[in-house]
Amino acid sequence: MRHPLVMGNWKLNGSTHMVNELITGLRKELSSVTGCDVAIAPPALYLSQAKQALAGSRIALGAQDVDVNLSGAFTGETSAAMLKDIGAEYIIIGHSERRTYHQESDEFIAKKFAILKQQGPIPVLCIGETEQENEAGQTETVCARQIDAVLNTLGVEAFQGAVIAYEPVWAIGTGKSATPAQAQAVHKFIRDHIAQKDTAIAKQVIIQYGGSVNADNAAELFAQPDIDGALVGGASLKADAFAIIVKAAAAAKKA
């Protein structure tokens, strides 16, 4: 049975005060919650502070991106070895904002996936279609292409112990969300696509949903058979709202 994962992506938000205050609130809200893995991904500047604030809790540390290089003359970058050294367990790659604003290709993201598998932190591979692609009926084609960039270079074994986050781009930060039925259909497609290579790996891979997940829609999303938690944006910046989402994921998998 897959264990759901709810991960908070703080994006470009944070301060020394905010990190301590938010983590204190999360520790209080989630102290008695079981049945769901939890992680947060603060900006890189605050990873060390967050690690200290999380000490002794069940909340794992994550990061929002990684470079394809391990060391060298690459100003401003952060390597997988560094993230592992600081204690980051989950690393987000391929987020639509990286694909859009930094022109990251499927092939470049596959390289990030490879370096994480080599170094040990768990890759959280974001995939998803734009509004135009959705309206053109290209959702499955886009998701398959983004997954195949990893499958074709690293093999299906690379998804053993990895995480996929399906995030329809049109639902990120917009207040819109795919209906539970729409999200489930895409999640099933993703799992079936991987199953064409290996059914056992497809059954165990965690597939999160992301895109305006909030306290109101979380429970119904998590009730779907192929949705294994969420990658949460805005709602992860409030301890009480994020806790409701985590509790919904834990309750859904106990049902």
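Start by selecting helix H8, residues 180-195, and look for its buried residues: Pro180, Ala183, Gln184, Val186, His187, Phe189, Ile190, Arg191, His193 and Ile194. "Buried" means under 20% relative accessible area, while exposed is over 50% and partly exposed lies in between (1.4 Å probe, protein chains only). Helices (H or I, at least four residues) and strands (E, at least two) are DSSP runs, numbered from the N terminus.

A quick word on what you are looking at: this is a predicted model, in which local features need pLDDT of at least 70 and side-chain atom pairs count only at pLDDT 80 or more, while totals for chains, interfaces and linings use all residues. Residues are numbered from 1 along each chain as its sequence is written, and side-chain values use heavy atoms, with hydrogens and water left out.

Stay on H8 and show what surrounds its buried residues. They pack against strand E5 (122-127), H7, strand E6 (163-166), helix H9 (199-204), strand E7 (206-209) and helix H10 (218-222). Contact here means heavy atoms within 4.5 Å. The expected span is 1.5 Å times one less than the number of residues.

How do the axes of H7 and H8 cross? They come within 10 Å and cross at roughly 35 degrees. From H7, the contact uses Thr139, Glu140, Cys143, Ala144, Ile147, Asp148 and Leu151, and from H8 it uses Val186, Phe189, Ile190, His193 and Ile194. Sorted by class, that is eight nonpolar, two polar and two charged residues. Ala, Val, Leu, Ile, Met, Phe, Trp, Tyr, Cys and Pro count as nonpolar, Asp, Glu, Lys and Arg as charged, and the others, Gly among them, as polar. Axes are lines fitted to C-alpha atoms, for helices over the stretch in contact, and angles run from 0 to 180 degrees between N-to-C directions.

Color Asp106, Glu107, Ala110, Phe113 and Ala114 in H5, which meet Arg145, Gln146, Ala149, Val150, Thr153 and Leu154 in H7.

Now look at H5 by itself. Its buried residues are Asp106, Ile109, Ala110, Lys112, Phe113, Ile115, Leu116 and Gln119, and they pack against helix H3 (80-86), strand E4 (90-93), helix H4 (96-101), E5 and H7. Step on to Gly120, which follows H5 and has a positive phi, near 120 degrees.

For the last stop, jump to helix H1, residues 16-30, and select Val19. Is Val19 buried or exposed? It is buried, at a relative accessible area of 0%. Leaving aside neighbours within four places in sequence, Val19 touches Trp10, Tyr46, Gln49 and Ala50. Finish with Leu26, also in H1 and buried, with a relative accessible area of 0%. Beyond neighbours within four places in sequence, Leu26 is in contact with Ile40, Ile59, Ala239 and Phe242.
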